[in-house]
Amino acid sequence: MSDSTASGPVLAADGTPLKRSLARALRMQKLRALMLIAPLLLFVLLTFIAPIADMLFRSVENKIVVTTLPRTVQALQEWDSASGEAPDEAVFQELYYDMFVAAEAKEHTKLGTRLNYERTGISSLFRSSGRKVDDIGKDHVKAIEDASDKALKDEALWFEIMTGGAGAETNDALLNAGRQRLSNLTDTSFGGDIGFVPGAAISEILPETTQAYTDFALFTAVADNDVVAEEDPWETVFVALATELQADPARLDGYAGPGADALIAAAEAVAGFEPIAFKPAFIDIDKDWGDAENWKTIQIYSPRTTNGYFLNAVDLQKGTDGIEARPENQQIYITLFTRTLIMSLIITGSCILLGYPVAWILANLPTRTANVLMILVLLPFWTSLLVRTSAWKVMLQQQGVINEVLVWLGMVPDEARLVMINNQFGTIVAMTHILLPFMILPMYSVMQTINPTYLRAAKSLGATNWTAFWRVYFPQSVPGIGAGSILVFILAIGYYITPEIVGGTKGVFISNRIAYHISSSLNWGLAAALGTILLVVVLLLYWAYDQIVGIDNVKLG
């Protein structure tokens with residue numbers, strides 16, 4: 001069909017070409033439809049898509065090691081973990097500066113907690129080191145403070161030395177690098193004017209000291225909201241100065257900037273001291289710093305992303321030689337995944353067996369009677385889940401109602417009461433009761449649509465009751481069974497309250513472990529990995545169900 005005539009294009013009532021007018025009308029119609037679903041779409045994005053994306057990110061995110069110990073991680077690249085020996089002095093020196101800044105920001109304990117997931121004991125190692133790291137090199141610090149009539153105890157003099165004085169050339173790159181490093185460490189912005197910029201000349205002569213002072217200045221101005229020139233520098237500034245002056249006393253030759261006499265006096269004061277031994281100092285704080293396995297853990301988990309959480313979720317771990325199995329006494333997650341799947345299938349099957357007759361009765365009773373019985377089916381929804389679960393705990397325990405009745409009837413000896421709680425049996429019974437309505441409702445809604453005359457027609461043709469049911473009625477009810485099964489199975493696989501209360505150690509699900517890592521151990525990375533694997537398993541089972549049964553055959557009525 002053409003959109004034009006011999007005299008030109010077909011026009012709409014307003015004079016515009018009809019094709020353009022129709023396209024504009026369709027665009028407006030689509031826009032209105034989009035505006036109608038926009039609130040729901042936004043809600044789904046915020047409450048469903050965004051949390052899943054965050055979970056996927058947390059399951060591989062591992063930036064805490066490199067942001068807390070950036071210099072140490074860099075130095076560790078040269079260390080051979082296969083040597084069986086702790087790293088050399090240079091690595092411990094970098095650890096000192098990283099640990100001091102992290103302890104000031106109170107971030108070192110978070111790193112210890114993260115690494116403790118991989119190797120037990122590292123958390124206490126970082127805590128003890130954070131408390132005592134400022135004691136390293138204290139004799140050198142005191143010698144520098146006492147030199148030249150305690151000139152370097154003057155905060156204003158330090159500020160003048162580190163800036164180079166008025167009009168001196170500045171080193172903005174060093175300041176910006178410090179801003180980025182502290183921002184990564186604390187997730188706080190260290191931008192803006194802090195009233196300090198390191199001098200270019202002093203940065204070249206004393207680079208380590210200037211970097212330590214820059215970290216101090218940024219933290220003082222931004223985190224503590226104090227004036228840099230009025231605060232005593234950190235011990236790291238004095239330690240860095242002592243280390244650099246002892247390594248090369250001639251570095252001050254020709255220096256005539258601010259505080260030259262005080263710096264020369266400081267060099268003379270530490271000249272007779274032994275250089276600071278960072279490695280023995282850390283091992284003196286905690287002997288575990290000499291354990292190469294702890295350093296291997298830091299090295300292995302230093303990249304910003306890791307598959308370690310997923311490996312832990314399937315009872316594996318990262319080793320120096322690659323992926324390896326976790327110790328046998330720590331292999332629990334495969335068992336939990338298997339138990340969760342098997343018990344969820346059992347619960348789904350028990351709900352089908354119990355729910356099918358109820359749904360059939362409801363569908364074939366008079367409407368008035370069926371409505372009354374439907375209230376009884378829905379009644380559990382009006383009672384708290386916690387109350388229903390706790391009621392089963394009372395009924396199933398060895399001194400509970402069921403055992404007491406069985407003993408009273410003489411069916412069970414008093415000394416051999418049934419153990420029905422804190423095991424898989426208790427979980428299956430309680431969850432079947434809780435999830436049964438979710439099976440009955442879809443089956444009932446489908447059975448309501450089955451014409452009862454089909455059964456009468458089958459019987460009139462000579463079919464028995466069983467044949468009429470199995471060949472005529474049951475196939476028509478399968479879509480309801482499919483809908484109820486999917487609903488119950490997905491709910492069961494993610495339940496954690498009921499298994500936690502009645503399951504004990506033998507009846508808990510993988511979801512209980514996920515809840516534990518989120519609320520108790522705070523190992524959100526492992527919880528995210530476990531949740532991701534559970535999501536993938538559910539999607540695979542859903543896909544398999546679609547291939548075998550066909551999702552189009554699932555109906556809710």
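Tutor: Rings of Phe, Tyr and Trp (for Trp, the six-membered ring) pair if their centres lie within 6.5 Å; planes under 30 degrees apart make the pair stacked, over 60 edge-to-face, and the rest tilted. The structure holds 25 aromatic pairs. This is a predicted model, in which local features need pLDDT of at least 70 and side-chain atom pairs count only at pLDDT 80 or more, while totals for chains, interfaces and linings use all residues. Residues are numbered from 1 along each chain as its sequence is written, and side-chain values use heavy atoms, leaving out hydrogens and water.

Student: Why is the pair of Y96 and F100 called tilted?

Tutor: The ring centres are 6.3 Å apart and the planes stand at 55°, so the pair is tilted. Y96 and F100 both belong to helix α4, 4 residues apart, about one turn of the helix. Helices here are DSSP runs (H or I, at least four residues), numbered from the N terminus.

Student: What makes Y96 count as buried?

Tutor: Buried means under 20% relative accessible area (exposed is over 50%, partly exposed in between; 1.4 Å probe, protein chains only). Y96 has 0% relative accessibility, so Y96 counts as buried. F100, at 3%, counts as buried too.

Student: Which parts of the chain does the pair of Y97 and F278 link?

Tutor: Y97 and F278 form a tilted pair, 6.5 Å centre to centre with 45° between the planes. Y97 lies in helix α4 and F278 in helix α14 (residues 278–285), 181 residues apart, so the pair links distant parts of the chain. Y97 is buried at 5% relative accessibility, and F278 is buried at 1%.

Terms used. Helix = DSSP H or I, 4+ residues; strand = E, 2+ residues; numbered from the N terminus.
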